[in-house]
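Here are my notes on the model you sent over. Have it open while you read.

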Amino acid sequence: MATILITGACGQLGSELTAELRKKYGSDSVVASDVREANDQIGEGPFEQLDVMDARRLDEVTEKYNIRIIYHLAALLSASAEKNIDLAWKLNMDGLLNVLKLARDKQIDRVFWPSSIAVFGPDAKKDGTPQNSPANPTTVYGITKVAGEQWCAYFHKKFGVDVRSLRYPGLIGYKSLPGGGTTDYAVDIYHKALAGETFNCFLERDSALPMMYMEDAVKATIDLMEADSEKITVRTSYNVSAISFTPEQIAASIRQKISDFDISYEPDYRQDIAASWPDSIDDSQARADWGWRHAFSLDKMTDDILTNLPAIAEKIS
Ligand code: AKB
């Protein structure tokens with residue numbers, strides 16, 4: 001198996017993707033990297049401390065392990081990006097350009113880069129947003145994702161870089177804590193429910209957003225990366241979708257298991273971000289091109305999280 005490098009491996013998606021790729025291809029075939037120190041969730045295997053804005057260090061790590069495939073996940077998410085627009089632009093763009101140029105110069109076999117539903121803004125269709133809706137975001141994060149998608153398409157067309165991408169909805173997992181996203185409330189809510197605390201939600205009760213359970217997200221990512229090249233007809237980024245719900249609906253799902261769970265609402269600036277995004281996404285192109293299917297409904301996800309989180313909650317909080 002060709003050696004894989006993951007950037008941002010200690011993040012919410014990175015931790016679970018690293019662990020799954022190591023299970024699938026063997027620990028030594030997957031080099032985890034992050035600007036932070038390694039965490040327990042990524043499992044055993046090589047780790048390098050790496051800032052993706054440092055092109056020379058990225059090159060050094062690639063050479064050291066003879067890297068052939070890169071999952072480039074390091075980025076600032078939407079809420080953090082609004083608080084630090086300079087860092088968001090620099091990290092999200094310079095990081096991606098460093099990876100794309102390296103892939104071109106070293107003829108890396110395949111690159112994965114995450115885009116987001118944040119590419120869409122208020123003028124996109126709210127429900128079942130199509131693949132080719134106008135992408136006019138009103139957030140800094142969204143701007144970096146639109147620009148990033150165009151860079152991916154450009155490097156593919158001009159230099160033949162086999163870069164693939166998904167527009168993730170909000171990703172919900174229990175194995176690590178997210179940081180800096182607008183959809184993160186849907187992770188935190190389970191921790192509060194299990195601790196017997198009232199959850200104070202920063203979104204309005206009826207603010208619907210597209211979401212996906214982490215197990216589905218990891219599967220979508222690996223399926224896309226393993227698909228034959230001729231099946232990939234979208235070289236900006238694929239819409240992918242699973243479930244869509246409001247804070248009120250996730251609270252009701254939790255209440256089926258924890259009947260006295262309570263939620264209160266105190267919307268802040270993140271409500272404006274959420275309001276600018278779609279409520280649900282049409283991902284028929286991904287389903288047709290490379291066979292994407294999700295497995296987890298809202299209640300199935302709630303059940304899985306509330307069953308498994310108690311055993312590890314203390315370790316990750
Ligand atoms: C965020 O909330 O910023 C992310 C995203 C939807 O890309 N989870």
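The points below go from the overall layout to the ligand site.

1. First, the ground rules. This is a predicted model, where local features need pLDDT of at least 70, side-chain atom pairs count only at pLDDT 80 or more, and totals for chains, interfaces and linings use all residues. Residues are numbered from 1 along each chain as its sequence is written, and side-chain values use heavy atoms, with hydrogens and water left out.

2. The protein splits into domain 1 (3-169 + 213-239) and domain 2 (171-210 + 243-280 + 295-316); the bounds come from an automatic or database domain assignment. Their C-alpha centres are 24 Å apart. Across the interface, 32 residues of domain 1 are in contact (heavy atoms within 4.5 Å) with 30 residues of domain 2.

3. Where does the ligand lie? It lies between domain 1 and domain 2, because both give residues to the shell around it.

4. Around the ligand (a heavy atom within 4 Å) you'll find Leu77, Ser78, Ser116, Ile117, Tyr141, Gly181, Thr182, Thr183 and Trp277. By class, that shell has four nonpolar, five polar and no charged residues, with Gly counted as polar and Tyr and Trp as nonpolar.

5. Now the polar contacts (N or O pairs within 3.5 Å). A polar side-chain atom of Tyr141 is 2.8 Å from a ligand oxygen, and a backbone N or O atom of Thr182 is 2.7 Å from an oxygen atom of the ligand. The side chain of Thr183 has an N or O atom 2.9 Å from a ligand nitrogen.

Note on methods
A polar contact is a pair of N or O atoms within 3.5 Å; within protein, one must be able to donate a hydrogen and the other to accept it, and residues adjacent in sequence count only if both atoms are side-chain atoms.
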